[in-house]
Amino acid sequence: MTDPSLPALERRFYTELLGTALLLAAVVGSGIMADRLAVGNNALALLCNAAATGAMLYVLIGMLGPLSGAHFNPAVSGVMHLEDSLPQRDFLVYVAAQLIGAVIGVWAAHLMFDEPLMQLSHKVRSGPFQWVSEFIATFGLLTTILLTRRNAAASVAAAVGFYIFAAYWFTASTSFANPAVTIARALTGTFTGIQPADVPPFLISQFLGAYAAMRVATFLTSTKGH
């Protein structure tokens, strides 16, 4: 069942759209800024990109969490649906809002940095090591959300922000960990892009990682046998 304290579905749609748009504006915009200012220093550019993304997640979850749950991620919404905390209709509305918001966020970043609005990425992110990275990145993100929500709910925003900051660095894929983010980043030819052909294996890895996290979190928190 949906949390009765949440606003009506229409308002949650716009909340998820706004949050996902701001997230993608931060991811892509900070990537463009970092790439331009770092002048070829990819480590510095990634550090700046990771810091901006983690900080934005902290702000967005704290600000919008009480209004929609602050998913901004179809993998998160999918797990909530499987856990019966998000009905099917709400799940579909959330995913639509996230996908639309993600594309709007990418376009907003392009406009801010005088980039062509419509782009496709040519950045190759393929191979088993990338897919394993996305499985682990998404598994870690959902485990962080599920267990922190249960054991230290007030710390979810900080936990997610810090996790993503770290995962940018410990995963070979730089931790997309979000199907909406992955699809939208195929629409930018800038620092954070991914070529469209590489998107489907990322999505499969992300959803598998999210499901595995749900199963592990359920096992760890089960009271059966006690």
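This is a predicted model: local features need pLDDT of at least 70, side-chain atom pairs count only at pLDDT 80 or more; totals for chains, interfaces and linings use all residues.
1. **Helix 3: how covered?** Helix 3 spans residues 74-82. This helix is mostly covered, with 7 of its 9 residues buried. The buried residues are Pro 74, Ala 75, Val 76, Ser 77, Gly 78, Val 79 and Met 80.

2. **What covers helix 3.** Which helices do its buried residues pack against? There are helix 4 (88-112) and helix 5 (128-151). Helix 7 (179-185) and helix 8 (199-221) also take part. Trace these partners in the structure when you look at helix 3.

3. **The two ends of helix 3.** At the start, look at Asn 73. A side-chain oxygen of Asn 73 comes to within 2.9 Å of the backbone nitrogen of Ala 75. Ala 75 is also among the buried residues of the helix. Just after the helix, look at Asp 84. Asp 84 has a positive phi of about 70 degrees.

4. **Ser 173, a loop residue.** Where is Ser 173? Ser 173 sits in the loop between helix 6 (156-170) and helix 7. Is Ser 173 buried or exposed? Ser 173 counts as buried, because its relative accessibility is 0% and the cut-off for buried is under 20%.

5. **The surroundings of Ser 173.** The side chains of Ser 173 and Glu 134 are joined by a polar contact of 2.6 Å. Set aside neighbours within four places in sequence. Ser 173 is then in contact with Arg 125, Gln 130, Ser 133, Glu 134 and Phe 202.

6. **Helix 5 against helix 6.** The axes of these two helices come within 10 Å and cross at roughly 165 degrees. Helix 5 is therefore roughly antiparallel to helix 6, since angles over 145 degrees count that way. Their crossing is right-handed. From helix 5, the contact uses Ile 136, Ala 137, Gly 140, Leu 141, Thr 144, Ile 145, Thr 148 and Arg 149. From helix 6 come Val 156, Ala 159, Val 160, Tyr 163, Ile 164 and Phe 170. By class, this contact of helix 5 with helix 6 has 10 nonpolar, 3 polar and 1 charged residues.

7. **Why such spacing?** An α-helix has 3.6 residues a turn, so residues three or four places apart point the same way.

8. **Helix 1 against helix 2.** Helix 1 covers residues 9-38 and helix 2 covers residues 42-68. Their axes come within 8 Å and cross at roughly 165 degrees. That angle makes helix 1 roughly antiparallel to helix 2. Helix 1 passes helix 2 in a right-handed crossing. The contact of helix 1 with helix 2 has 15 nonpolar, 7 polar and 3 charged residues.

Key. Residues are numbered from 1 along each chain as its sequence is written. Side-chain values use heavy atoms; hydrogens and water are left out. Buried means under 20% relative accessible area, exposed over 50%, partly exposed in between (1.4 Å probe, protein chains only). Helices (H or I, at least four residues) and strands (E, at least two) are DSSP runs, numbered from the N terminus. Contact means heavy atoms within 4.5 Å. A polar contact is a pair of N or O atoms within 3.5 Å; within protein, one must be able to donate a hydrogen and the other to accept it, and residues adjacent in sequence count only if both atoms are side-chain atoms. Axes are lines fitted to C-alpha atoms, for helices over the stretch in contact, and angles run from 0 to 180 degrees between N-to-C directions. Angles under 35 degrees count as roughly parallel, over 145 as roughly antiparallel, 65 to 115 as roughly perpendicular and the rest as oblique. A crossing is left-handed if the near helix is turned anticlockwise from the far one by less than a right angle, and right-handed if clockwise. Ala, Val, Leu, Ile, Met, Phe, Trp, Tyr, Cys and Pro count as nonpolar, Asp, Glu, Lys and Arg as charged, and the others, Gly among them, as polar.
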